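Subject: Structure for your review

Dear colleague,

I am handing over the structure that we spoke about, and my notes on it follow directly below. Please read them with the model open beside you.

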Amino acid sequence: MNKVKFATIGTSWICEEFIETAKTDERFVLEAVYSRSADKAIAYKTKHNANRYFTDLETMASDPEIDCVYIASPNSFHVPQSILFLKHKKHVLCEKPLGSNFNEVKQAFDIAEENNVLLMEAYKSMMMPNLLHAKNLLSELGEIRSVFATFSKYSSRYDAHKRGEDVNTFKSEFSNGAILDLGIYCLYPILHMFGAPKEVKSFSVKVPGGVDGLGATIFNYDSFLATINYSKVSNSFLPCEVCGENATMIIDKFNIPEKIDIIYRNGEKKHFELPQRNDSMCYEIEEFIDIILNKKEKPSINTKEITLLCSSICDEIRKMGDIVFPADLH
């Protein structure tokens, strides 16, 4: 069996989840980890049993033993770090959002193609069995008339931010904010199910630091409207809905979909709960490795096209909300 040697960038909980999930794939090798701090890098290497550690990204990117990198740094670093590794002909799996804006994302994909390597955004939800099945069930609903999706989660760093403490989570220089951090969990499934909307209208509420703390966006598809609500400063417990003329489909949540119910106009109900793994990053990891080992030609879900489309719409949403990142000015 061929092995794929990974390096990782990041030491947050999501990088931890990635490593532990990836270890369940026998083809995965944790070749190296990175941190700017040698002490942190050594501790992370030891904790996860990596072969080596690095404190310099250029050195790590040029290492011939590394096949690919998983990037889970702050949003504003995603594209610069991706480009560094792509130029060294390393495959890149980068956490969502892949970039701060459309121009950054397009540049990264162009460089990936120039160097004949894979760049894939690590958006896990759409690859999970229950959300894939939801798309298959759309024909049950009749003509679609409305879609509602929400993802609101009170940030664990928001209280510190309100106290004036220096936290990255609400800083525009790190390209953070509600739409890029949470809203795209609603946006991606809608784009995957229905394609690009005809028109976008959006409203955002800023918090100190220059980013959006919450927002609401409406997509016009001519024959139906799709609405997404997202917030990092409040919680929501509402499910997501796709409403057709014949029936309504209720999905418990778009970020980690586990349950689907269809309620027909005559009152009949159907329930779906497909088996899927709790370590939900497994599906994107498996596909990423499959492509590298030439078992698949290209991503089936997290494609270049949908990542670029999502990025362009997020730019529109931020423009309407007057949300400007330093990365937009480069």
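Which residues does Arg 52 touch, not counting residues up to four places away in sequence? With contact taken as heavy atoms within 4.5 Å, Arg 52 touches Glu 31, Ala 32, Val 33, Lys 45, Asp 63, Glu 65 and Ile 66.

Before the rest, a word on the source: this is a predicted model, in which local features need pLDDT of at least 70 and side-chain atom pairs count only at pLDDT 80 or more, while totals for chains, interfaces and linings use all residues. Residues are numbered from 1 along each chain as its sequence is written, and side-chain values use heavy atoms, with hydrogens and water left out.

Arg 52 lies in strand 3, residues 52-54; helices (H or I, at least four residues) and strands (E, at least two) are DSSP runs, numbered from the N terminus. Its relative accessibility is 26%, so Arg 52 counts as partly exposed, a class that sits between buried (under 20% relative accessible area) and exposed (over 50%), with a 1.4 Å probe and protein chains only. The side chain of Arg 52 makes a polar contact with the side chain of Asp 63 at 2.5 Å; such a contact is a pair of N or O atoms within 3.5 Å, where within protein one must be able to donate a hydrogen and the other to accept it, and residues adjacent in sequence count only if both atoms are side-chain atoms.

**Cysteines**

If a disulfide is a pair of cysteine sulfur atoms within 2.5 Å, the count comes to zero disulfides. The sulfur of Cys 314 is 4.1 Å from the closest cysteine sulfur, in Cys 310, which is too far for a bond, and Cys 314 is buried at 2% relative accessibility. For Cys 282, which is buried at 8%, the closest cysteine sulfur is in Cys 68, 17 Å away and likewise too far for a bond.

**Cavity and pockets**

These were found on a 1 Å grid over the protein atoms alone: a cavity is a set of points where a 1.4 Å probe fits but cannot get out, a pocket is an open set with protein on both sides within 12 Å along at least five of seven lines, and lining residues have an atom within 4 Å of a point. Grid points are joined across faces, edges and corners, and a volume is the space filled by probe spheres set on the points.

There is one cavity of 30 Å³ or more, and the largest cavity holds about 60 Å³. Its lining includes Cys 310 and Cys 314, and helix 10 gives the largest share, four residues.

The largest pocket holds about 1600 Å³. It is lined by 43 residues, of which Ser 12, Trp 13, Ile 14, Ala 72 and Ser 73 are the closest to its centre.

About 350 Å³ lies in the second largest pocket, where Glu 113, Val 117, Leu 118, Lys 298 and Pro 299 lie nearest the centre among 16 lining residues. Helix 5 (102-114) gives the most to this lining, with three residues.

**Helix 6**

In helix 6 (residues 129-136), Pro 129, Asn 130, Leu 131, His 133 and Ala 134 are buried, and what covers these buried residues includes helix 8, strand 12 (247-251) and helix 9 (282-292).

With best regards
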